[in-house]
Protein chains: 2
Amino acid sequence: MNLIVLQETDFISAGLVRLSGRRLEYIIQVHRVEPGQRLRVGLLNGDIGFGTITTLTDQCVELKVELQYPPPPALPLTLVLALPRPKMLKRVIQHVTALGVKKLILLNSYRVEKSYWQTPWLGRDKIHRQCLLGLEQAMDTRMPDIILRKRFKPFVEDELPELAAGSRKLLAHPVAGEYCPIDIGETTTLAIGPEGGFIPYEVEKLQEAGFHPVHLGPRILKVETVLPVLVSRLFPAR
Amino acid sequence: MNLIVLQETDFISAGLVRLSGRRLEYIIQVHRVEPGQRLRVGLLNGDIGFGTITTLTDQCVELKVELQYPPPPALPLTLVLALPRPKMLKRVIQHVTALGVKKLILLNSYRVEKSYWQTPWLGRDKIHRQCLLGLEQAMDTRMPDIILRKRFKPFVEDELPELAAGSRKLLAHPVAGEYCPIDIGETTTLAIGPEGGFIPYEVEKLQEAGFHPVHLGPRILKVETVLPVLVSRLFPAR
């Protein structure tokens, strides 16, 4: 937790928040702070600044909050990702959020096991929680929009064209196309397949939707490795 | 397992291997193959090619092996990494191996909890196993060299200068220096701190050893995210 993310409901009066639970524990255990000290805070979907501790007990902490500057810029990237296995899903959502992606579509694909869609980790609250962890890690406040689409064909045919309109459309596909471009600085929609990749039919449908297959050379990487690799390659922080 | 990695001891005669256990299970379950079919294989620390199934039973599989081409090139990168927490260590070793790093030093640091050094995951066999998983994933055969150093100062003062001699020396440090360079194509030694970063004394020692602090902007990333980000940024596959 590099940033304490505040919600509107934390405010007990103008400029004053009261926190308990996980954020209180964090403040007590990790910071070993005392009244008067300043911690970095940010308002969910709002600005970042400092909170000065005014009261600290075992039950709650109160902070006088001053928000001063905007969160780090969002990436101009929409990610269309075949639903990863539940074990990986949590980490992937945290990675995606920490990297600054603001729109993620979790999509079905032939090689996504049906059982993956049953995981409790796809619950609204659980996804929100993983996003929050990603924001706290990366000192960001803007919650990404995460959309679940259980049917590949209707999504790619009916929704994707509008969603990806005006953006560069890339399909990360280990065995086809040319090397993924570097440092493109363009609004982009990036599709990433499941373990084993999209099947030829799916690749064809994505190509029909204007997606251009790109690869990263002979190494085949797991989705949780390839995600930061691709994001860093397309949009190196500068 | 995108590549079946063979060991010298798997050979029962010239060009013929017999596999059981995990690799047999993989072949049966994932490939649903039959005699005559070809699978991609590679010899540990050797070349890559195909294995043609000659015999397949519940107990073992025999493959006629032809090795034709070298594994993907290694990165000209030595990684000096503060020992991550055990839960993350496994994944980090797999990431590092899959990305093509061939030398990794796991180093102590003030913010590395002492208990992390007690984890069974640091055992020779366990590390070897995680590396193997990384090689199988990335279709590589060259085992990385992983070195454990439990004392920061003697390592940085006495070993690191020789280890990093002639290379570009970068220290990933979220709060100092300039942006990490992009696509440097130079032999590099990269130091990455623990959660919370190296302490000022450690940063100073690394700077004395010629390391130049670089950062990635306002987002603070976990080591398992920052690793692929940095590798992809310094050495984009092309």
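Two strands are taken to pair if DSSP finds at least two bridges between them, and strands (E, at least two residues) and helices (H or I, at least four residues) are DSSP runs numbered from the N terminus. This is a predicted model, in which local features need pLDDT of at least 70, side-chain atom pairs count only at pLDDT 80 or more, and totals for chains, interfaces and linings use all residues. Residues are numbered from 1 along each chain as its sequence is written, and chains are lettered from A in the order in which they are written.

**Sheet of chain B**
- Strand 2 and strand 3 of chain B pair in the antiparallel sense over two bridges, and B:S13 stands opposite B:L16 in strand 3.
- Six strands of chain B form an open sheet in the order 1-4-5-6-3-2, with mixed pairing.
- Strand 1 and strand 2 (11-13) of chain B are at the edges with a single partner strand each, so one side of each has no neighbour in the sheet.

**Helix 1 of chain B**
- In helix 1 (residues 21-31) of chain B, B:R23, B:L24, B:Y26 and B:I27 are buried (under 20% relative accessible area, 1.4 Å probe, protein chains only).
- Seen down the axis of helix 1 of chain B, the buried residues fall within an arc of 160° (taken from the directions from the helix axis to the C-beta atoms), so they line one face of the helix.

**Two copies**
- A rotation of 180° with 0.0 Å of shift along its axis superposes chain A on chain B with an RMSD of 0.0 Å (by least squares on the C-alpha atoms of residues with pLDDT of at least 70 in both).
- That is the relation of a two-fold axis.

Note on methods:
Side-chain values use heavy atoms; hydrogens and water are left out. Buried means under 20% relative accessible area, exposed over 50%, partly exposed in between (1.4 Å probe, protein chains only).
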